[in-house]
Each structure stands twice: as structure tokens, then as C-alpha cells.
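The sequence and structure are shown first.

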Amino acid sequence: MKIALKYFGLLADITNKKEEFFLLEESTIAVSLLKSKVENTYQELKNTNYAIAVNQAMASLDYIVKDQDVVAFLPPFAGG
Amino acid sequence: MTNKTRYSRQITLPEIGEQGQLKLLNARVLVIGAGGLGCPVLQNLAAAGVGSLGIVDGDVVDETNLHRQLLYTLKDCGNSKAETAKKTILELNPEINVNVFRDFFTTENAFRIVQDYQIIIDCTDTIAVRYLINDVAVFKKIPVVYASIYKFQGQVSVFNYKNGPSYRCLFPEQESLKVVPNCVESGVLGVLPNTLGAFQATEVLKIILEIGEVLSGKLLVYDALHFQTQIIEFARNPKAIEKGFINGSQLLNSKKTIKNLSPEAFLEKCNQAGIIVIDVRELEETPEFKRENSIQIPLKELEEYSKKLDKNKEIVLFCQTGQRSEAAMNYLQNSGFIGVFHLAKGIESLKNKLQ
């Protein structure tokens, strides 16, 4: 499966990219597993608070991500 | 209605009319933070004729504010933001009432400040204060119009609107100190908070006028650099709402002691005998601030370090802008420490006093 990952705010600074594609052997993947895969690639993400949205809706950790889904990593911003 | 000419161009809109203008006149709106977001919010709501505005800010105008906070000019530097903002918007529209709170929004004054208002606008710059606003607003059932910014990006949403989701439903608070964002100044495009503040003011007017579709259960994410906007939907989380409600009620019933220190109170505390002063910044951050009784424990190491500390000792925390020290204070208080204080706006608020 191929999914698009988008990073916002501080997370884009950590990954050094706005978006990327992930190619996975699985045909589906739970958000929790995807989160740990991504955090393994970018260790510093483990030390940040963020929410995950799939196809423009916030998703819980047990939500199942499918081929062609768009997954957004969204931290709360502090500034004002 | 006193002045129809001033508002004629919006009264002409069938969605507003004289009835709508009257609703605006009777509305009571609290703006927490008169900085990058607060300035455009105040300017737009004053111009639209929102009858009663409250402004909460304990800060003073600094020259570094002027590229984005357009209510202020060079001659205002050093003066209270809340007072200066009031003066400027009253010049723009003398027909409204403006009430000033020259304080930062804290656990001690939160309930007293919000009591007279129907809508709260979160224009603050600290995550801990955003959770505080949420908890007080959930408890009091007051809608919150939220925005926040980071470099070239911003977020907007409306919380607690007609029993809708809250800030904690969107971003549940993490217990660990390891995830608190660093508060080193990261820079911001000056026009960005003005865009986001205008979005907030729009939502406030829609709520008061009861028109259109309010941004409840939806997060607008705006990227100025690539001109991209997205709407992300999120649902009500009863547990997250309950947590806010419980926090709010505990706050209302807790003994009020001042835990947020002004620069003067902080320096005085540092000289007290028996106090431990903890710098929770990373080791390389400047300016240096060292005292005989001070130690440097970066925030990520504080959980571990605090296990060795006497919970009855008085502890004073500080960081760069107050973001990390406030999170550290909340953490230590929840772990049973009796006397924990922090420098409300960080070592930056001390810079004139250290030179």
C-alpha cells in the first residue's frame, strides 16, 4: 500500500519535509503501528505531542489506514 | 441604536440588519492576550460595534512586537499592552465599552476575569494557558474561539460551542514533561497572526449574530508559505470534556495562592533562604542566570530528578518564556510538591533587569 504523510509545524522541522509517501507491504495498518514506524524513522517525534488525522478527520490509535489514504501529523501550536 | 451611519454598510446585509447590530452592541467578549492575534481581533470587533470587550494582558509593548501587533506604535514601548490597546480601539470606536485586566491569565484570577463574558477568544502564546482557558470555559459553558500560530502556519477552531468538542478533545494533554514544546523564540511572519486573528473575529461575529456555520468540531489549518488550507474534522470526546470540567471545578474550589511570579517577585524569591531555583532550559540556552541556590535541570530530565527532591521544599522554576516552567510547575504540583512557583514570562521578561 502507498500512503501520503503530511507534517505540520514543529513536526515538519523535525522530519525536514512537508510531506512524503510511505510504501508498506501491509494492505492496511492501524494508526498506532504507523505512528511507531514513523517515530522509528524520526526518533525526535517521540518527544512531541501531536494528533493524527486520516483523510481530514482526526483518527484514534486503533483506526485502520488503507491504501491511498492521506495521514496528517498535527501538533498543537503555542504561538499567538 | 445610537449611530446607524458607522455601521450602515453591515446593517445593509440582510443577515445582519438592525437586529444583528443590536446583538453586537449587547455582546460581551473577552480577549485573552493582546499580542499578535489579540490586536487584529480587538481592532475588528471594536470596529464592528461589539458593545463590551475585555482585554487580558500583563505584558508591556516591546519594539519586537511592532512588526505584527498593529495597535501599537514606537512611542507605546514600555507601556501596558492592555491599556494601550484599549486607548487605540476607543479612538477607532468610542461607542463601545472596554474593560482592562493588566494581568496574565492565571489559575488565581481565571474565574474572576471570565465571569461577565459570553465568549472567550484565546489569543495567548502558551500551551498551559490554553488548557487553563479550556478548563475554565468547559466548567462555565462558555464558547472559546481559538487560534495559534507557528512560523508560517496557523490553526483556528471554536470549542465548547453548543455542547461541541473542546480543546482537550483535539489535543489531549500529555502527562509527560518530555513532550512540552521548547519555548525558544522561533520567529513569525508578521502578517500571519493578523490573518488568523481576522479568522477568529469572523467566528466571533457569526456566533453573536447566529449566522452561517461556526467552525465547531473542525480545525482550520492554514499554511501561508504555500497558501494551503485544510479543514480537519474532530469529534467530541466525553472523557476529555470531563477532565476539563473536573480541572475547572477543582480550580474554582482551590485555595488561591500566587504561583506565577513577576520579575520582581522572582528575584526576591531567589534571594530567600532554603529555596531551590531550577533552570529547566537546555544547557546551552542564554542568557545565563546563576545563583548560589540554582541548578540547571533541562525539562526532559526533571521527572527523574524530582524523585530526589524534598516535596516540602519551596521550588522556583524558570525557562525562556514561561512555557516550559509552567508545565514543570503543573507536573511537580500534581506529584505532591507543596510550594512550587515559576517566573511567569520567563527569563526574557528579566532582560532589562539583568543588564
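## Cavities

In this predicted model, the largest cavity has a volume of about 50 Å³. The structure holds two cavities of 30 Å³ or more.

Residues from chains A and B line the largest cavity: Lys6(A), Tyr7(A), Phe8(A), Lys18(A) and Glu19(A), together with Gln228(B) and Gln230(B). Two elements each give two or more residues to this lining, namely β1 (2-7) of chain A and β8 (228-233) of chain B.

## Helix α4 of chain B: extent and cap

Helix α4 of chain B spans residues 81-92, a total of 12 residues. The distance from its first C-alpha to its last is 16 Å, close to the 16 Å expected at 1.5 Å a residue.

The N-terminal end of α4(B) is capped by Ser80(B). A side-chain oxygen of Ser80(B) lies 3.3 Å from the backbone nitrogen of Ala82(B).

Five positions of α4(B) are listed as buried: Lys81(B), Ala82(B), Thr84(B), Ala85(B) and Ile89(B). These residues are on the same side of α4(B) because they cover an arc of only 165° around the axis. In general, an α-helix has 3.6 residues a turn, so residues three or four places apart point the same way.

Terms used. Residues numbered from 1 in each chain as written. Chains lettered and ligands numbered in written order. Predicted model: local features only at pLDDT ≥ 70, side-chain atom pairs only at ≥ 80, totals over all residues. Heavy atoms only, no water. Helix = DSSP H or I, 4+ residues; strand = E, 2+ residues; numbered from the N terminus. Expected span 1.5 Å × (residues − 1). Buried < 20%, exposed > 50% of the residue type's maximum accessible area, 1.4 Å probe, protein only. Arc of directions from axis to C-beta. Polar contact = N/O pair within 3.5 Å; in protein donor to acceptor, adjacent residues only side chain to side chain. 1 Å grid on protein atoms, 1.4 Å probe; cavity = no way out; pocket = protein on both sides within 12 Å on 5 of 7 lines; lining within 4 Å. Points joined across faces, edges and corners; volume = space filled by probe spheres on them.
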